[in-house]
Amino acid sequence: MIDFASGVIDGPGIVTARRTLADLGGLFADQAALAALDPNIVVYETHGYPEPESGSPALLAATTVLYPGRVGGEAFMTRGHFHVDPTRGESCFTLRGSGVLLLRDRSGAEQRIAMEPGSLAMIEGRFAHRVANVGDEPLVFLVTWLSDCGHDYAEVAAWPRGSWSVGV
Ligand code: MN
């Protein structure tokens, strides 16, 4: 059972992870604004099934709860990543709040897709993906993906600060 308001999934084996400003602050352009904020502020939480250790690829699902907030003029956002296997896409279904799904491929082509309750975005596997909360309440969304997609966070993290975000 998914609680659409909190994003919490009630089920066997569900794992919760948290990312704080201390984990994510390097993404934001305004490092002076960051330094004025409590590094323990939670930016987002995920709730989902753990990755299988072996065997055939599994279809996985997880919710993300991205809290409202900003660092300087940039909205709170997720870390963002590429899939190592570009044939592996992902679905993104919004349950609560108001956000932007940011997509960018290696040619620099970008798409920005509005997220509101009920919106379903199908992300092609070649696009790096990140979500920003542009509202004043938690943004809750459900993603599904295949467990063998592979996650590359480093390439996105190496892009210049402030170059792939949403202003608020
Ligand atoms: Mn992904």
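**A conversation about the model**

Modeller: R112 is partly exposed, with a relative accessible area of 44%. Partly exposed lies between buried (under 20% relative accessible area) and exposed (over 50%), using a 1.4 Å probe and protein chains only.

Colleague: Before we go on, what kind of model is this?

Modeller: This is a predicted model, in which local features need pLDDT of at least 70 and side-chain atom pairs count only at pLDDT 80 or more, while totals for chains, interfaces and linings use all residues. Residues are numbered from 1 along each chain as its sequence is written, and side-chain values use heavy atoms, without hydrogens or water.

Colleague: Back to R112, then. Which residue does R112 form a salt bridge with?

Modeller: Its partner is E110, and the closest N and O atoms are 3.5 Å apart. A salt bridge here is a side-chain nitrogen of Lys or Arg within 4 Å of a carboxyl oxygen of Asp or Glu. E110 is partly exposed as well, at 36%.

Colleague: How many salt bridges does the whole structure have?

Modeller: The search finds 8. One of them joins the side chains of R96 and E137, at 2.8 Å from N to O. R96 is in strand β7 and E137 in the loop between β11 and β12, so the pair ties together parts that are 41 residues apart in sequence. Strands are DSSP runs of E, at least two residues long, numbered from the N terminus.

Colleague: And what meets the side chain of R126?

Modeller: The side chain of D105 does, in a salt bridge of 2.7 Å from N to O. R126 sits in the loop between β10 and β11, and D105 in the loop between β8 (99–104) and β9 (110–115), so this pair ties together parts that are 21 residues apart in sequence. R126 is partly exposed at 38%, whereas D105 is buried at 8%.

Colleague: Changing topic: which residues coordinate the manganese ion?

Modeller: H81 (NE2), H83 (NE2), E90 (OE) and H129 (NE2) coordinate the ion, at 2.0 to 2.3 Å. Donors are N, O and S atoms within 2.8 Å of the metal (3.2 Å for Na, K and Ca), and the site may look incomplete because water is not among the atoms.

Colleague: Where in the chain are H81 and H129?

Modeller: H81 is in the loop between β5 (74–75) and β6 (82–83), and H129 in strand β11 (residues 128–133), so they tie together parts that are 48 residues apart in sequence. Are they buried or exposed? H81 is buried at 11%, and H129 is buried at 7%.

Colleague: What does F93 form with L120 and M122?

Modeller: They form a nonpolar surface patch with about 320 Å² of accessible area together. Patches are made of residues with over 30% relative accessible area and no salt bridge, joining like charges within 9 Å and nonpolar side chains (Val, Leu, Ile, Met, Phe, Trp, Tyr) within 5 Å. M122 belongs to strand β10 (residues 120–123) and is exposed at 59%.

Key: Accessible areas come from the Shrake-Rupley method with a 1.4 Å probe; for residues, only the protein chains shown count as cover. Helices (H or I, at least four residues) and strands (E, at least two) are DSSP runs, numbered from the N terminus.
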